Amino acid sequence: YGNLFFASFETDIELGTPLTHIPIIRSLIAGKEWGKTQVYKGLDGKQVFAAASHVDLLNWGIVTEVPEETVKGPVSKALFSLAAIITSIAFLFSAFSILLARRIAKPILELTDAIQCIQDGKDCPKVNEKNNIREFGLLAGCFNRTVSALKEKEGELQEAKERAEGTNRLKSDFLNMMSNEL
């Protein structure tokens, strides 16, 4: 009862040696823990996962030990790979987000610069209407037409001012001439 009958690895323990010092063996002899999995220090001194089952016909208990690194190694590698994949996806998503934000912000910044240029009283180039984002192209077109209309009105106002100044000079000359004759 509780003796080593077979070992699939090289061990210093001889066949027939009592193994009652191992907790799972003690609990199996007591008739408990059949079908449960446990982790303990195995026959070779390394941590193992062990499962026990009962063979009714022979009234034997079979304990199967699998080294912990055999089970955890692939899981650890899979988790590391998963973490690397998630990190890569997060990096790509961040890079894509930054590029998209720049693409959206560029026409807005161009329009803002053009508005600032006009506010400073400078003659500014037109805003680029060719944009992959339709709404920005429409906005730039409306802005350019508004600026052109304002320049036309400014030109008309300048001409009207010059005509008014000319008329004012003629009036002043006429009044001077009339006052001299009187």
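**Reading the classifications in this model**

Trainee: Why does Ile86 count as exposed?

Mentor: Ile86 has a relative accessibility of 52%, and a residue is called exposed over 50%, buried under 20% and partly exposed in between, as judged with a 1.4 Å probe and protein chains only; the value for Ile86 therefore falls in the exposed class. Please keep in mind that this is a predicted model, in which local features need pLDDT of at least 70 and side-chain atom pairs count only at pLDDT 80 or more, while totals for chains, interfaces and linings use all residues. Residues are numbered from 1 along each chain as its sequence is written, and side-chain values use heavy atoms, with hydrogens and water left out.

Trainee: What makes Val75, Leu79, Leu82 and Ile86 a nonpolar patch?

Mentor: A patch is built from residues with over 30% relative accessible area and no salt bridge, where like charges are joined within 9 Å and nonpolar side chains (Val, Leu, Ile, Met, Phe, Trp, Tyr) within 5 Å. Val75, Leu79, Leu82 and Ile86 form such a patch on the surface, and together they have about 380 Å² of accessible area, a value that comes from the Shrake-Rupley method with a 1.4 Å probe and only the protein chains shown as cover.

Trainee: Where is Ile86 found?

Mentor: Ile86 is found in helix 2, as is Glu68, the helix covering residues 68-119. Helices here are DSSP runs of H or I with at least four residues, strands are runs of E with at least two, and both are numbered from the N terminus.

Trainee: Why does Glu68 count as buried?

Mentor: The relative accessibility of Glu68 is 19%, so Glu68 belongs to the buried class. Leaving aside neighbours within four places in sequence, Glu68 is in contact (heavy atoms within 4.5 Å) with Val39, Gln47, Val48, Phe49 and Gly73.

Trainee: How do you know that the side chains of Glu68 and Lys72 meet in a salt bridge?

Mentor: The distance from N to O is 3.0 Å for Glu68 and Lys72, and a salt bridge requires a side-chain nitrogen of Lys or Arg within 4 Å of a carboxyl oxygen of Asp or Glu, so the pair qualifies. Being four residues apart in helix 2, Glu68 and Lys72 are separated by about one helical turn; Lys72, with a relative accessible area of 42%, is partly exposed.

Trainee: How many salt bridges does the count come to?

Mentor: The count comes to two. Glu156 forms a salt bridge with Lys153, the closest N and O atoms being 3.8 Å apart, and both residues lie in helix 3 (residues 134-181), three residues apart. Glu156 counts as partly exposed because its relative accessibility is 43%.

Trainee: What makes strand 1 (37-41) and strand 3 (60-67) the edge strands?

Mentor: Three strands form an open sheet in the order 1-2-3 with antiparallel pairing, and strand 1 and strand 3 each pair on one side only. Neighbouring strands of this sheet are turned by 35 degrees against each other on average, direction ignored; axes are lines fitted to C-alpha atoms, for helices over the stretch in contact, and angles run from 0 to 180 degrees between N-to-C directions. Helix 2 packs on the sheet, where it touches strand 1, strand 2 and strand 3, and its direction makes about 45 degrees with that of strand 3.

Terms used
Two strands pair if DSSP finds at least two bridges between them.
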